[in-house]
Amino acid sequence: MNEPCKTPWLANYGEVRYHLDYPDISMFDKVCEIAEQYPEHTAYEFMGKKTSYREMVRQIKLTGAAFRAQGVAPGDKVTLCLPNTPQTVCCFYALNYIGAIANMIHPLSSEGEIIFYLQDSGSVAAVTLDQFYPKFAAIQDETHLPRLIIGSIADALSPLKRAGYKLTEGKKIKPIPAEDKTVVTWADFLAAGAAYTGPTAHPGYGKDAAVILYSGGTSGKTKGILLSNLNFNALGMQTIAMDNHFAVGDKVLSVMPMFHGFGLGVSIHTFLSHGGSCILVPRFNAATYAKLLAKNKPNYIAGVPTLYEALLRNPDIDDLDLSCLKGVFSGGDSLSIELKKKFDRFLAEHGCKVQIREGYGTTECVTASCLTPYHQSREGSIGLPYPDTYYKICKSGGNEEVPYGEEGEICLSGPTVMLEYVNQPEETADTLRRHEDGLIWLHTGDLGVMDEDGFVYFRQRIKRMIVSSGYSIYPSQLENIIDAHPKVLMSCVIGVPDTLKVQKVKGFVMLRPDFEPTQEVHDELMAYCRRNIAKYAMPYELEFRAELPKTLVGKVAYKVLEDEEEARRLAAVSALTDAYGPTEGEAVAVIPKSI
C-alpha cells in the first residue's frame with residue numbers, strides 16, 4: 001500500500017501490523033462484541049467485588065434507560081464528575097449506548113471550574129458522588145442544572161463492605177437535603193430506569209461525537225476536546241497492536257482517572273474492548289500504590305512519571321514481586337532519561353522481565369499516538385507512531401516539513417485525531433490544518449525531532465521555553481541533566497523574570513530519600529551543573545523541595561512554581577517601594593539576588 005507521506009518507522013515495526021481495520025460502530029457496541037465472546041470473564045473489579053462482562057452490559061443498559069427516564073436524549077451532554085468507580089464505567093458507556101455525549105471532569109475541580117465545564121458543554125444533567133454534592137449545591141443558582149444524580153461509593157460495594165464503609169468513611173459525608181428537588185439518588189435513578197419502557201438504544205457510528213475531555217490545548221487555555229467513537233475504538237486497537245503481548249483476561253491496574261484521556265482511553269476502554277479486566281482504583285497515594293501492586297498482581301500498569309517516581313521513594317518495596325507485569329507504560333508528561341534508567345533497574349530488581357515503555361500523545365488525539373516498540377528502544381526517544389498514524393516535524397508555526405534530525409513542531413494525522421474544540425472554531429482551525437498531501441494534521445504545540453529511522457524525540461512544549469540573553473533554553477533538557485545526579489530524584493526548571501536577561505534559570509530539586517538538603521549538597525549540585533550545563537543556561541539558584549507541586553493528573557505543575565516566583569518577586573518590589581518610595585524604571589533591578 002502506498003503511504004500518503006514518508007513512513008521511515010515501518011522498517012522498525014517488528015511483528016506489529018501497521019494497517020488495521022476499524023469497525024464503524026460505537027464504543028458500547030465494541031464492548032458488547034467482547035461481552036458476547038467472553039460473558040463470564042471479569043470486566044472490572046472494585047474493592048474486591050468482581051463484575052462479569054455479561055453483568056456489566058446489563059448494568060450499562062439499565063443505566064442507559066435511567067438516563068432516558070430523566071429526559072436525556074441522543075446528542076445531549078451529561079457531565080460525569082466521578083472517580084474510577086463502577087458508576088463511572090456504567091454511566092460512560094450508558095451515555096454512549098443512548099447516543100448522548102459524556103462530559104468527563106475531575107471530581108476535585110473547583111466550583112468555578114465546574115461552572116465553566118457545565119456551561120461550556122451545555123450539559124443537561126450531571127452525575128457525582130454524595131461527598132462532592134456541596135460544590136454542586138453552591139453553584140446551582142449560576143448553573144440552573146435541571147438534574148443532579150447522586151451516587152455513593154457504598155452503592156458499588158458488597159453488603160459487608162457497604163456496612164463497614166457507612167460506619168467509617170460514610171459517617172463523614174453530610175446527608176443530601178430533602179428539599180433539593182434537582183437531586184436524584186442513585187437508587188431512584190436506577191428504579192426509574194427499570195420502569196422505563198420508551199426507546200433506549202441508539203445506533204452509533206465511528207464518526208459520531210461521544211466524549212468531551214478538557215485540556216489546555218496548544219495555547220494553554222482550557223478547552224473542551226470533542227472526541228468520537230472512532231477515536232476511542234482506534235486507540236484501543238492500536239494500543240493492543242503496539243503492545244504485542246496482550247491476552248484476553250489480562251488485568252490492568254486502573255489508577256489513572258477516567259476524566260483523563262490516558263486513564264479513560266488506555267486503562268479502561270482499551271482493555272474493556274479487548275477482553276481485559278480493569279481493577280478500578282478510585283483513590284490512591286504513593287504509600288498505597290505498592291500495596292495495590294502486591295495485592296492485585298496486575299499484568300499492566302500505566303501512569304505518569306510522577307507515579308513511578310513516587311513508587312521509587314516508597315520504603316515498603318523491598319519484597320515487591322513484579323514478575324506478573326507484561327507491560328509498564330508511561331505517558332501524560334515527559335519521562336526523563338534518568339528516571340527511566342532508575343525505574344528499569346527497579347523493575348529488573350523485582351523480577352519484572354520488561355522495561356518501562358514511554359509513549360507520547362495529546363488529549364486532542366485521546367492520549368497516546370506514539371510508543372516505544374516492544375522489541376527495541378533508543379535513549380531519549382518516545383518511540384514510533386501508532387498504526388495508521390503519520391508523524392512529521394514541521395517548522396514552528398508553519399506546514400513545511402523539516403529534514404530528519406532537525407527540531408520543529410510535532411504534527412500528526414490519524415484516526416484518533418479529535419473532531420474539534422468545543423465552541424472554539426478559530427482554535428480548531430489553527431490546530432487542525434489540511435496540508436498539501438490532503439491529510440488533516442494536528443499541530444501539537446510540542447517541539448520534537450524525528451531521526452532517519454522514524455524514532456521520535458520529544459523536546460518540550462513550544463510555550464515552555466526560557467529565553468535568556470537571546471538564547472533559547474529548554475527546561476526539559478536541563479531537568480534531564482540535573483536528574484542524572486545520583487542524589488537527585490526529580491527536578492523542575494523554570495524561567496524567572498530578569499531585567500537584564502529577560503529571564504534567568506532557576507531549578508527546584510527533590511533529593512532521593514537517603515540524602516538531606518544541606519548547603520554541602522547544594523554546592524555539590526551547583527558545581528555539577530557548572531560542569532554539565534552551558535554558562536548561558538546555568539541555573540542561578542537551586543531550591544530544595546520535599547515535594548514538587550503536581551497537577552490533578554500527577555504532572556509536575558511548573559506553572560505553580562512560576563506563579564510562586566512571580567508572587568515572591570512582586571512582594572520584594574512592594575517591600576522596596578515601601579522602604580524607599582517609588583523608583584523610576586523597574587524596581588526589580590535592585591532586588592538582591594538572594595530574594
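A residue is called buried if its relative accessible area is under 20%, and exposed if that area is over 50%, with partly exposed in between. In the predicted model described here, both Phe-246 and Tyr-300 are buried. For Tyr-300 the relative accessible area is 2%, so this residue falls under the 20% limit. Phe-329 is buried as well, because its relative accessible area is 10%.

These residues take part in contacts between aromatic rings. A pair of aromatic rings is described by the distance of the centres and the angle of the planes. The model contains 18 aromatic pairs. One of them joins Phe-246 and Tyr-300, with 6.4 Å from centre to centre and 40° between the planes, and this pair is tilted. Phe-246 belongs to the loop between H9 and S10, whereas Tyr-300 belongs to strand S12, so the pair ties together parts that are 54 residues apart in sequence. Tyr-300 also pairs with Phe-329: the ring centres are 6.1 Å apart and the planes stand at 0°, so this pair is stacked. Ring pairs link Phe-246, Tyr-300 and Phe-329, together with Phe-271, into a cluster.

Strands S12 and S13 are part of an open sheet of 9 strands. The strand order in this sheet is S2-S1-S11-S10-S12-S13-S14-S15-S16, and the pairing is mixed. At the edges are strand S2 (49-52) and strand S16 (384-385), each of which pairs on one side only. Strands of a sheet pair through backbone hydrogen bonds, either parallel or antiparallel. The parallel sense is found between strand S1 (residues 42-46) and strand S11 (residues 277-280), which pair over 3 bridges. Within this arrangement, Phe-46 stands opposite Leu-280 in S11.

Helix H12 (residues 305-313) touches strand S12 (300-303), strand S13 (327-330) and strand S14 (356-361), and its direction makes about 110° with that of S12. Helix H13 (residues 337-349) packs on the sheet by touching S13 and S14, and the direction of H13 makes about 140° with that of S14.

Packing between helices was also examined. Two packed helices are described by the angle between their axes and the distance between the axes. For helix H2 (residues 53-69) and helix H8 (residues 186-195), the angle is about 90° and the axes are 7 Å apart. H2 and H8 are therefore roughly perpendicular to each other. On the H2 side the contact involves Leu-62, Thr-63, Ala-65, Ala-66, Phe-67 and Ala-69, which meet Trp-186, Phe-189, Leu-190, Ala-192, Gly-193 and Ala-194 in H8. The residues of this contact divide into 10 nonpolar and 2 polar, with no charged residue.

Asn-244 has a positive phi of about 65° although it is not a glycine. Asn-244 is placed in the loop between helix H9 (229-243) and strand S10 (251-254). With a relative accessible area of 30%, Asn-244 is partly exposed. Asn-423, also not a glycine, has a positive phi of about 60°. The loop that holds Asn-423 runs between strand S19 (420-421) and helix H14 (425-431). Because the relative accessible area of Asn-423 is 53%, over the 50% limit, this residue is exposed.

Technical notes: Residues numbered from 1 in each chain as written. Predicted model: local features only at pLDDT ≥ 70, side-chain atom pairs only at ≥ 80, totals over all residues. Heavy atoms only, no water. Pairing = 2+ DSSP bridges. Helix = DSSP H or I, 4+ residues; strand = E, 2+ residues; numbered from the N terminus. Contact = heavy atoms within 4.5 Å. Axes fitted to C-alpha atoms, helices over the stretch in contact; angles between N-to-C directions. Buried < 20%, exposed > 50% of the residue type's maximum accessible area, 1.4 Å probe, protein only. Parallel < 35°, antiparallel > 145°, perpendicular 65-115°, else oblique. Nonpolar A, V, L, I, M, F, W, Y, C, P; charged D, E, K, R; others polar. Phe/Tyr/Trp six-rings, centres within 6.5 Å; stacked < 30°, edge-to-face > 60°.
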